[in-house]
Amino acid sequence: MNGETKVTRLTAAGRGAVAVMRANMSGRATAERLDSYFRAANGLLPSRAAIGRILYGLWDGEDVVVVRVSDNNWEIHCHGGDAAVKRISQQLTDDVTSADPPPHERPDNATEGRLEKSILKQLLKCRTPRTASFLLTQYTGALRQFLSTLSGQENMQAAAAEVNKFLRWRDFAAHLTAPWRVAVIGQPNAGKSSLLNAIIGYERSIVFDQPGTTRDLVEAELILDGWPLVIVDTAGIRTDVSNDIEAVGVDSARRTATSCDACLLVVDSQRGWTDADEELLSAIPATCQSAILWNKTDLPDRRSVSLCRVTKGTSIIETSAVDGIGINEVLTWLPAALVSVTPLATAPLPVIGSLNTELTDFVDSPSQMLLRKILAGWL
Ligand SMILES: Nc1nc2c(ncn2[C@@H]2O[C@H](COP(=O)(O)OP(=O)(O)O)[C@@H](O)[C@H]2O)c(=O)[nH]1
Ligand SMILES: [Mg+2]
């Protein structure tokens with residue numbers, strides 16, 4: 001063990017989405033060990049970072065978030081695999097212990113209360129450093145600061161307006177811990193499973209040239225631009241099926257289309273644009289981002305993409321699951337469509353469901369008594 005460094009894993013041992021470690025380092029030379037491994041995107045050195053400052057960057061090429069939580073303590077949020085944890089720990093010290101999380105030292109010396117505990121629970125569900133960095137901002141004081149400022153507000157209409165503005169990020173905040181969902185829909189044999197495989201880069205869906213092969217949903221997780229996504233492959237949507245098993249798949253595909261954040265409608269360019277595609281397009285709810293993947297464009301007898309009759313600002317991307325045409329475009333379109341605006345890195349965010357519900361009640365009927373009661377429960 002390095003005499004002046006102790007690394008404790010705060011998250012449970014075993015594979016997780018994100019692992020959090022606490023490095024207790026005393027002595028200048030010791031803290032500078034962090035600098036030699038971690039490169040912050042903004043060039044700041046972790047050993048010199050202000051307390052509470054969140055640094056996003058690379059540790060030996062891996063995405064990592066480092067935050068100094070007190071004079072001698074740094075939290076390191078890295079990929080949740082055991083290998084990543086072990087490597088970082090060993091680079092800092094030979095001694096690694098798994099322990100119950102110690103009480104967190106708050107940067108502002110406030111005691112950790114219900115608010116921080118609730119945020120920490122959410123933080124541990126984050127799957128990427130990018131999403132974790134937003135939660136960390138809340139954990140290290142942004143949300144507490146917002147609520148404290150709110151408690152000083154005398155004018156209830158102004159308070160309600162501020163809360164409303166804050167709650168506008170609700171959907172974004174919810175997706176920091178629950179991946180955005182993308183449905184791949186389309187007629188049987190259009191190439192949905194093949195495209196899903198091309199998108200995620202390995203064979204996972206069943207690809208078969210017999211219509212109706214994908215009877216259950218096949219989900220695949222991927223990270224694009226630091227955002228976690230789940231892509232759901234569905235059975236081909238047909239209304240004229242007699243087979244019961246296929247009908248169940250068809251039903252679930254229809255449901256998936258209405259419970260997702262984005263929809264990729266795959267169309268077989270050999271068949272061209274049909275009434276069934278038109279029907280599918282209109283089944284996509286307006287709240288859902290949508291793109292048509294005009295697939296199989298590698299084939300010579302494809303029909304013209306101009307046949308698509310598209311409204312609602314739907315994007316059209318020409319693809320081929322076989323030779324990879326358009327896959328990069330799909331990978332660019334998805335995060336841009338799903339997360340078109342992001343809050344400022346320092347913004348308070350509505351990351352606690354029960355607090356959001358209470359604040360919604362306040363917005364519905366703003367009263368000082370109610371606001372005091374809500375804030376007393378959290379501050
Ligand atoms: N030439 C060509 N064939 C494709 C393409 N995408 C899918 N296919 C073929 O079309 C058939 C049906 O594909 P599949 O992905 O199972 O369709 P799904 O029923 O919509 O999931 C398979 O034989 C695939 O190999 C493509 O882009 N180009
Ligand atoms: Mg399929």
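Trainee: In this predicted model, does Asn164 count as buried, partly exposed or exposed?
Mentor: Asn164 is found in helix H5. Its count is 14 C-beta neighbours inside 10 Å. Buried needs 20 or more, and exposed needs 12 or fewer. With 14, Asn164 therefore counts as partly exposed.

Trainee: What is the C-alpha to C-alpha distance between Asn164 and Val363?
Mentor: In sequence, Asn164 and Val363 are 199 residues apart. Asn164 belongs to the H5 side of a helix contact, and Val363 to the H11 side. In space, their C-alpha atoms are separated by 6.8 Å.

Trainee: How are H5 and H11 oriented to each other?
Mentor: Helix H5 covers residues 156-167 and helix H11 covers residues 353-364. Their axes lie 9 Å apart, at an angle of about 140 degrees. Roughly antiparallel would need an angle over 145. H5 and H11 are therefore oblique.

Trainee: Which hand does the crossing of H5 and H11 have, and which residues make the contact?
Mentor: The crossing is left-handed. H5 supplies Ala160, Val163, Asn164 and Leu167. From H11 come Asn356, Leu359, Thr360, Phe362 and Val363.

Trainee: How many residues of the contact of H5 with H11 are nonpolar, polar and charged?
Mentor: Asn164 of H5 is one of the contact residues, and so are Asn356 and Thr360 of H11. The division is six nonpolar, three polar and no charged.

Trainee: How are H11 and H12 oriented to each other?
Mentor: Helix H12 spans residues 368-378. H11 packs on H12 with axes 10 Å apart and an angle of about 165 degrees. The cut-off is over 145. H11 and H12 are therefore roughly antiparallel.

Trainee: How many residues in the contact of H11 with H12 are charged?
Mentor: H11 brings Leu355, Glu358, Leu359, Asp361 and Phe362. They meet Leu370, Leu371, Ile374 and Trp378 in H12. By class there are seven nonpolar and no polar residues, and the charged ones number two.

Trainee: Is helix H7 largely enclosed or open, and what does it pack against?
Mentor: H7 runs over residues 192-200, and eight of the nine are buried, so the helix is largely enclosed by the rest of the structure. Among the buried ones are Lys192, Leu195, Leu196 and Ile199. Just after H7, Gly201 has a positive phi of about 90 degrees. The buried residues of H7 pack against E8, E9, E10, E11, E12 and helix H10.

Trainee: Which strands stand at the edges of the six-stranded sheet?
Mentor: The sheet is open, with mixed pairing and the order E9-E10-E8-E11-E12-E13. Neighbouring strands are turned by 25 degrees against each other on average, direction ignored. Each edge strand has a single partner, so one side is left without a neighbour in the sheet. The edge strands are E9 and E13.

Trainee: Which residue in E10 stands opposite Val218?
Mentor: E9 and strand E10 (residues 227-233) run antiparallel. Seven bridges join them. Opposite Val218 stands Asp233.

Trainee: What is the phi of Asp225?
Mentor: Asp225 is found in the loop between E9 and E10. With 15 C-beta neighbours inside 10 Å, Asp225 counts as partly exposed. Most residues other than glycine have a negative phi. For Asp225 the value is positive, near 55 degrees.

Trainee: Is Lys296 buried or exposed?
Mentor: Lys296 lies in the loop between E12 and E13. Its phi is positive, near 70 degrees. With 26 C-beta neighbours inside 10 Å, Lys296 counts as buried.

Trainee: Which residue is the bridge partner of Leu58 in E5?
Mentor: Strand E4 (residues 54-59) is joined to E3 by three bridges, antiparallel. There, Arg39 stands opposite Leu58. E4 also pairs with E5 in the antiparallel sense, over six bridges. In E5, the partner of Leu58 is Asp63.

Trainee: Which residue in the turn between E4 and E5 has a positive phi?
Mentor: E4 and E5 form a hairpin, with two residues between them. The phi in question is about 55 degrees. The residue is Asp60.

Technical notes: Residues are numbered from 1 along each chain as its sequence is written. Chains are lettered from A and ligands numbered from 1 in the order in which they are written. This is a predicted model: local features need pLDDT of at least 70, side-chain atom pairs count only at pLDDT 80 or more; totals for chains, interfaces and linings use all residues. Two strands pair if DSSP finds at least two bridges between them. Helices (H or I, at least four residues) and strands (E, at least two) are DSSP runs, numbered from the N terminus. Axes are lines fitted to C-alpha atoms, for helices over the stretch in contact, and angles run from 0 to 180 degrees between N-to-C directions. Angles under 35 degrees count as roughly parallel, over 145 as roughly antiparallel, 65 to 115 as roughly perpendicular and the rest as oblique. A crossing is left-handed if the near helix is turned anticlockwise from the far one by less than a right angle, and right-handed if clockwise. Two residues are in contact if their C-beta atoms, placed from the backbone, lie within 7 Å. Ala, Val, Leu, Ile, Met, Phe, Trp, Tyr, Cys and Pro count as nonpolar, Asp, Glu, Lys and Arg as charged, and the others, Gly among them, as polar.
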